[in-house]
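Welcome! Take a moment to look over the structure below, and then we can walk through it together.

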Amino acid sequence: MRIRKSQIAVFLTISLLLICLATPMLWAEAAYWAYQPVTVPDLPPVKNQEWIKNPIDTFILNRLEEGGLLPATPATKSTLIRRAYYDLIGLPPLPQEVTSFVNDADPMAYSKLLDRLLDSEQYGVKWGRHWLDLVRYAETNGYERDGDKAYAWRYRDYVIDAFNKDKPYDQFIREQLAGDLLDEITPETIVATGYYRLGIWDDEPADRQLARYDYLDDIVSTTGQVMLGISMGCVRCHDHKADPISIKDYYSFLAFFNDITPHSNDSLVDIGTISQKQEYQIKVNQKKMAGEKLQDQIFKMEEVLRTQLRGSISQMSDRLDTDLVDLTYRFYRDTWDQLPNNFDQLRQEAEGQIVSNQFTLRPASRTKAIGLVFEGKLHVPANDDYTFYINSIGGSRLWVDGQKVTELVQAKGGFHQGSVTLMAGYLPVRLEYFNQDEDFPSLQVYWSSSGEKGERRYLSDAFTILPDSRSTGQSWFYTFELPTEDWMKVDFDDSNWETGVGGFGTHDTPGTFVRTVWNTPKIWLRKTFKLDHIPAQVGLHLHHDEDVQVFINGKRVTNRRGYLTSYRTVDLKESALKIGENVIAVNCMQTGGGQYIDVGIFANLMVADLDELLKKHKRQVEASPDLQAQVDLYRKLKKDRDDSRKGKIPYSHMALAVEDIGSSQTYILRRGNPRLQGNPVEPEIPSVLRYSAPRLKLPLEKNQNKVKRRIVAEWIANSENPMTARVMVNRIWQHHFGYGIVKSSNDFGKLGTQPTHLKLLDWLAHEFVNNQWRIKSLHKTIMMSNTYQMSAEANEAALVVDPLNNLFWRFNMRRLTAEEIRDSVLSVSGNLSRKLGGPSVFPELPEEVLATSSQPTRVWGKSPPEEANRRSVYIKVKRSLLVPILNQFDMANTDSTCAVRFMTMVPTQSLTMLNGKFINQQAVTFSERIRQRGGTDLSTQIQFGLRLVLSRQPSTEEITWATEFVEKLMKTEQISKKVALDRFALLALNLNEFIFLD
Amino acid sequence: MTDLKKRGNIKIGPDYCGRTRREFLHTLGGGFTSLALTGLLSWDGFFSNQAVADNSVISYTNPLTPKDPHFTPKAKRVIFLFMYGGPSHIDTFDYKPKMYGLDGKTVKVKTSGRGGEKNEGRIVEPKWKFKQYGESGQWVSDLFPHIATCVDDITFIKSMTADSPRHGSAMLMMNSGHVLSGRPSLGSWVNYGLGSVNQNLPGYVVMLDETGGPISGAKNWASGYMPAAYQGTVFKSAGTPIWDLKPVDNMNHKQQRHLLDTLYKFNSGHLADRVDNSALSARIANYELAFKMQSTAPEAVDLDQEPDYIKKLYGLDQERTVNFGRKCLLARRLAERGVRFIQVYSGGHHSDSNWDAHGDLVFNHERHCGNTDKPIAGLLKDLKQRGMLDETLVIWGGEFGRQPTAEYAEGTGRDHNALGFTMWMAGGGIRSGISIGETDELGSAAVEDPFHVKHLHATVLHQLGLNPNTLTYFHGGLDQKLVGPEGAKPIRQIIT
């Protein structure tokens with residue numbers, strides 16, 4: 001799956017890309033307004049010049065005057081400050097802020113207020129949420145496991161931060177679509193590409209091929225609607241019925257995204273800085289060193305205990321014959337390119353005795369970058385010529401009786417042998433071994449005399465049963481075609497399979513030895529081998545990319561998912577080996593990127609397990625306090641070591657992001673069916689946009705990858721693209737006024753609604769691009785207009801002419817959004833935490849809500865109160881479990897882009913606002929706040945409370961209603977003032993005026 | 001300006017995030033006065049009840065306002081008994097005589113389940129005996145002695161197929177017609193198409209197993225791209241039936257009434273300057289509705305009102321059946337009170353807590369059949385004796401069936417099977433005492449008259465008076481349908 005991190009080549013020269021081309025055929029279609037370039041419209045005439053604050057007002061008033069309508073009266077200052085607060089930061093103003101604004105005579109007061117709110121970091125929280133709705137933001141995948149999208153929150157933080165720092169919108173798009181392919185790539189731009197990973201993902205789809213296109217369709221339809229205002233939902237199967245978009249356009253557009261790696265559980269990208277990585281590495285090393293130190297002590301202790309129990313060992317039936325005596329080891333740590341010549345000049349990290357008298361890697365306290373030198377005596381039974389065989393991962397060298405018998409200095413190691421004439425007796429022997437940083441160690445040594453050829457005698461505690469293809473290619477039967485399901489059985493007939501030499505795969509896969517090319521989705525391999533005895537411990541040497549299953553004699557012995565980048569050893573719990581003929585069968589699958597498969601089998605000879613020995617000699621140990629102390633120490637060391645291995649050093653500098661897999665050819669799929677492949681297509685923008693929009697010539701050559709998404713990003717983020725700026729300014733307008741100038745803000749096509757003020761839309765788009773795509777200045781322009789500052793007051797005449805307020809003769813009231821409601825409640829109760837960023841939080845949910853999950857006890861987390869009371873955008877977004885208060889008040893559906901939220905009024909909302917645990921808890925704290933800060937007099941307390949929820953001075957009548965309410969409760973219901981004020985607080989949080997915005 | 005009483009009911013905002021009719025509802029935006037939907041809505045026929053206020057102020061439209069069906073319906077309501085996990089059809093209703101005696105034999109048969117695709121497997125012979133019952137002589141295994149007595153009212157569809165043999169996607173398929181997440185569920189479509197008769201109770205109720213929800217939880221009753229008002233409401237069969245239905249402990253009825261009266265004063269005062277905004281009055285009215293629900297919903301779940309013989313009929317007198325029995329009895333009570341779509345889950349959580357018999361088939365199915373047999377039969381009989389069965393469509397089934405062969409080298413567990421399985425329906429204008437479609441001799445795949453989940457959905461909509469091919473919802477540039485873009489016909493053979 002992994003592709004080599006090659007330099008990201010940028011082939012783009014924008015000047016080259018902007019070549020205008022026209023095909024006359026589609027001119028008529030292209031005349032549709034949305035496909036026309038944005039023009040700078042002339043300001044229309046208006047009579048009431050005094051009303052004009054900026055050109056927005058000119059466009060609006062012109063239409064009102066044409067329709068014989070008058071703009072509504074200006075909003076009061078207290079209405080205006082509340083409106084501005086909610087529209088920019090999604091929270092109510094504090095009473096003192098309202099008072100000081102209302103009393104501020106400075107003509108610039110309003111402008112300054114807007115600047116202050118736009119500078120608030122809570123601005124990004126409010127406006128980031130609008131973008132998250134569009135990009136179907138959620139933090140789990142949905143489906144059976146509803147698995148976590150790790151680090152998805154970094155994307156949420158990226159969006160909030162982008163709004164807060166007023167990132168130019170073109171750059172915002174560029175980063176999300178191609179943050180990994182830009183000229184300047186930063187952790188931030190990588191996080192931005194999380195855009196592609198936010199959607200639903202079934203990890204076990206019924207139809208994998210179709211699922212891939214479902215994924216791409218999600219990207220195409222989201223990108224099309226969100227960034228271009230083009231709806232392509234139906235074009236996957238057939239040409240658009242209303243808009244001039246063909247099925248070819250759809251698949252050509254899809255081709256831009258076809259190189260994205262598939263979803264997986266670990267599609268994470270490391271975004272750590274050098275110092276973060278170093279810091280992590282130091283911690284990892286410290287932990288490792290501690291573990292290794294213990295491991296070395298344990299090995300030594302084992303050898304000591306073995307020595308102590310030596311007399312008994314000799315009587316053990318499972319003791320192994322060995323031809324070595326007085327064996328010692330020295331252990332080195334370093335990274336070598338090849339076997340060092342001069343171990344004696346290096347400093348060993350540890351040394352000791354090997355009681356088992358076999359060459360063994362057990363003294364190695366870690367598995368990588370190790371050196372070992374063994375010295376001892378070899379018992380030679382008779383004068384003869386002897387051959388020594390070594391098979392090692394890593395280099396090795398053998399001396400016997402002062403003569404160098406055989407060596408292989410290369411880092412990757414392999415099989416080597418040498419012969420020597422020896423005299424009978426105990427002769428000095430020395431074996432040197434090393435392995436590199438990347439490999440797992442393996443060392444097998446045996447010898448034979450000339451007379452007994454084939455009779456091997458092992459000198460090491462491990463040997464090969466079936467070699468892998470690293471040093472010598474091994475021959476296998478293989479097929480790329482799905483065999484019948486008994487393909488792994490011993491008696492399966494593989495005679496019509498191909499024969500090939502391992503390993504199998506593609507040459508660009510890391511750490512491989514490819515001798516037969518395999519580049520199809522699946523491969524099946526079989527091989528027969530013979531055994532004369534069954535070893536006790538068996539393992540595999542294995543390299544796979546991706547999922548692999550290995551069967552021995554029809555029994556599955558391992559099943560691994562994902563991919564490796566070098567060989568590994570895998571211990572098998574059950575080997576299924578038998579004496580005589582054995583069959584190994586392997587299958588491996590591939591979804592993208594590199595691919596490879598190779599397998600070998602090795603055995604570990606039984607070494608008397610020390611724990612077993614200690615059990616057998618329990619009495620002997622107990623009889624000797626000295627021995628018992630040693631055994632206790634040994635056990636403690638082992639426990640310490642096991643403890644030290646537990647837990648990982650956390651590394652959190654990861655991002656949910658995309659990578660490219662290379663160059664994929666895209667085809668038109670007839671009726672959207674992946675099995676009905678039509679003509680091939682190249683990445684291309686929809687044809688209807690080629691006349692008015694900049695035409696990008698795609699400098700794509702075959703096999704040239706890592707550029708497609710960059711091209712589409714540059715095209716969308718181009719100031720000449722007629723859709724991009726229009727679509728975005730329309731969204732900003734929508735969230736200020738309740739609906740867009742084009743109300744179907746995700747669809748500017750013919751199935752959408754038509755603009756009510758096209759010239760205004762163009763003027764805004766032009767301003768936006770001219771201001772370097774800065775969103776904050778657009779807010780300011782809009783909010784400084786008189787159009788925005790009108791009241792929401794009704795006017796009977798206008799209601800008759802324009803009941804929908806299409807002409808914007810007044811401001812539109814709105815209900816607060818789900819997040820605004822919850823955040824406002826927390827704000828009023830004084831509990832709101834305004835902290836920004838970081839992993840999502842889990843506010844307490846009632847058990848009956850958790851009970852709707854298939855895993856009631858595991859589905860939701862628990863956050864401390866100050867975390868749980870953070871703004872709603874930070875609440876975990878789980879696809880299978882919705883937070884009731886957000887769900888009830890119409891949060892966005894997370895499975896597809898949501899441009900406009902519903903705004904429903906149903907009685908269950910009232911139940912939640914009256915009886916829900918959250919609202920009642922908040923009411924109690926709100927009441928406490930009232931009692932502490934609102935004075936002692938009931939009337940002042942009530943005023944204090946009402947001012948908090950209403951953001952204005954309550955009327956005398958309102959104060960009376962509330963006072964009577966509290967007093968009556970205390971009198972007739974005999975409840976305490978505290979509880980009565982709790983009730984008042986609950987009442988206040990239920991007021992329509994609190995939930996609605998003028 | 002506008003007469004509050006006239007509008008009365010619950011109303012919703014104009015800005016459907018999806019877009020019911022593209023001509024107007026295509027993402028309208030939050031302006032409250034923008035709801036000039038009525039003229040356009042009437043285009044769809046069933047929106048004829050939408051309120052048009054006088055003096056050209058357009059009022060909120062309650063999404064759950066009762067709407068006229070497309071044609072005269074045969075069924076007024078649906079009770080869907082969902083056997084989550086996938087019951088084995090060949091051990092329950094799909095009699096396969098030739099399998100007996102083949103236990104342990106390896107046969108060539110194509111299967112597809114969570115364990116992948118296989119071409120052969122070891123037969124697990126059906127573990128229960130079958131007998132013919134009733135005048136219709138339909139076959140039922142010993143697992144369902146009580147349902148067996150109702151077969152003359154039941155139509156079996158023994159050739160069901162679905163798109164996925166994996167729980168996650170298969171659950172979504174059975175509940176929302178598609179393997180991809182994000183679609184409205186069947187109940188939401190019904191709510192959307194017909195509204196709700198009883199405004200004091202939800203129009204779409206879901207009752208879950210004690211062990212937990214099914215996988216994907218709320219997605220199974222979500223409204224997808226439709227407003228949340230159309231989603232299923234989780235109902236508990238014991239205690240407080242709906243979340244947040246009960247006032248906090250120390251607030252009595254009188255105190256709450258007092259609170260609501262004061263709230264009304266404030267909200268009316270607020271409304272006075274904004275009378276054209278019907279969202280405000282809708283919210284005011286909702287407090288009264290909520291107040292009423294506090295008494296009507298508990299009344300609906302008060303099973304003590306039922307006589308003992310009825311309780312017994314549903315198995316409420318036995319420990320094994322009391323849980324599912326309560327839900328079935330509650331389903332009938334809700335049906336009586338106008339709830340349009342009721343879904344009852346048997347099984348929740350994972351593995352043997354539901355019908356997902358991968359390990360020990362006998363243990364699993366004896367448990368779940370034993371827990372549900374009597375209550376289901378009780379429900380059918382009770383509906384019938386009250387004359388309700390004719391207009392209540394009862395559906396039984398899971399997201400798929402199970403394979404004829406063993407999943408593992410040992411044991412009786414069966415893997416999932418979406419290539420052929422059985423579901424049954426009763427009442428609601430469905431023919432009785434018949435069986436349609438067939439699987440092969442092993443029950444591994446539907447071979448005669450295969451039907452897809454979308455045909456089942458089409459049948460349900462059709463029985464309720466809705467045309468499955470014209471009940472559409474505009475979303476994402478498409479007129480979306482429950483039964484998919486190509487449409488589907490109801491299963492004519494089973495309709496009276």
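This is a predicted model: local features need pLDDT of at least 70, side-chain atom pairs count only at pLDDT 80 or more; totals for chains, interfaces and linings use all residues.

How many contacts beyond four places in sequence does the model have for residues 312-319 of chain A, where pLDDT stays under 50? The model has nine such contacts for this stretch.

**A helix to look at in chain A**

Helix α8(A) runs over residues 152-164. At 1.5 Å a residue, its 13 residues should span 18 Å, and the end C-alpha atoms lie 19 Å apart, which agrees. Is this helix enclosed or open? Twelve of its 13 residues are buried, so α8(A) is largely enclosed by the rest of the structure. Among the buried ones are Trp153(A), Tyr155(A), Ile160(A) and Phe163(A). Their cover includes α7, α9, α10, β24 and α21 of chain A.

The surroundings of the helix are worth a look too. Tyr151(A) sits in the loop between α7 and α8 of chain A, and this residue is buried, with 22 other C-beta atoms within 10 Å. After the helix comes Asp166(A).

**Backbone angles to find**

Here are some backbone angles from both chains.

| Site | Feature | Angle |
|---|---|---|
| Tyr151(A) | positive phi | near 65 degrees |
| Asp166(A) | positive phi | near 55 degrees |
| Ser351(B) | positive phi | about 40 degrees |
| Gly502(A) and Gly503(A) | cis peptide bond | omega about -5 degrees |
| Asp545(A) and Glu546(A) | cis peptide bond | omega about 15 degrees |

To find them, look for Gly503(A) in the loop between β14 and β15 of chain A, and for Glu546(A) in the loop between β18 and β19 of chain A. Ser351(B) lies in the loop between β9 and α10 of chain B; this residue is exposed, with 11 other C-beta atoms within 10 Å.

**Chain B and its contact with chain A**

Chain B has eleven helices and 19 strands, and 63% of its 496 residues are buried. Where do the chains meet? The contact takes 88 residues from chain B and 94 residues from chain A. On the chain B side, the elements giving two or more residues are β3, α4, α6 and α7. The largest share, ten residues, comes from α6(B). By type, this side of chain B divides into 38 nonpolar, 34 polar and 16 charged residues.

Methods: Residues are numbered from 1 along each chain as its sequence is written. Chains are lettered from A and ligands numbered from 1 in the order in which they are written. Two residues are in contact if their C-beta atoms, placed from the backbone, lie within 7 Å. Helices (H or I, at least four residues) and strands (E, at least two) are DSSP runs, numbered from the N terminus. Ala, Val, Leu, Ile, Met, Phe, Trp, Tyr, Cys and Pro count as nonpolar, Asp, Glu, Lys and Arg as charged, and the others, Gly among them, as polar. A residue is buried if 20 or more other C-beta atoms lie within 10 Å of its own, exposed if 12 or fewer, and partly exposed in between; C-beta atoms are placed from the backbone. The expected span of a helix is 1.5 Å times one less than its number of residues. pLDDT is the predictor's confidence in each residue, from 0 to 100.
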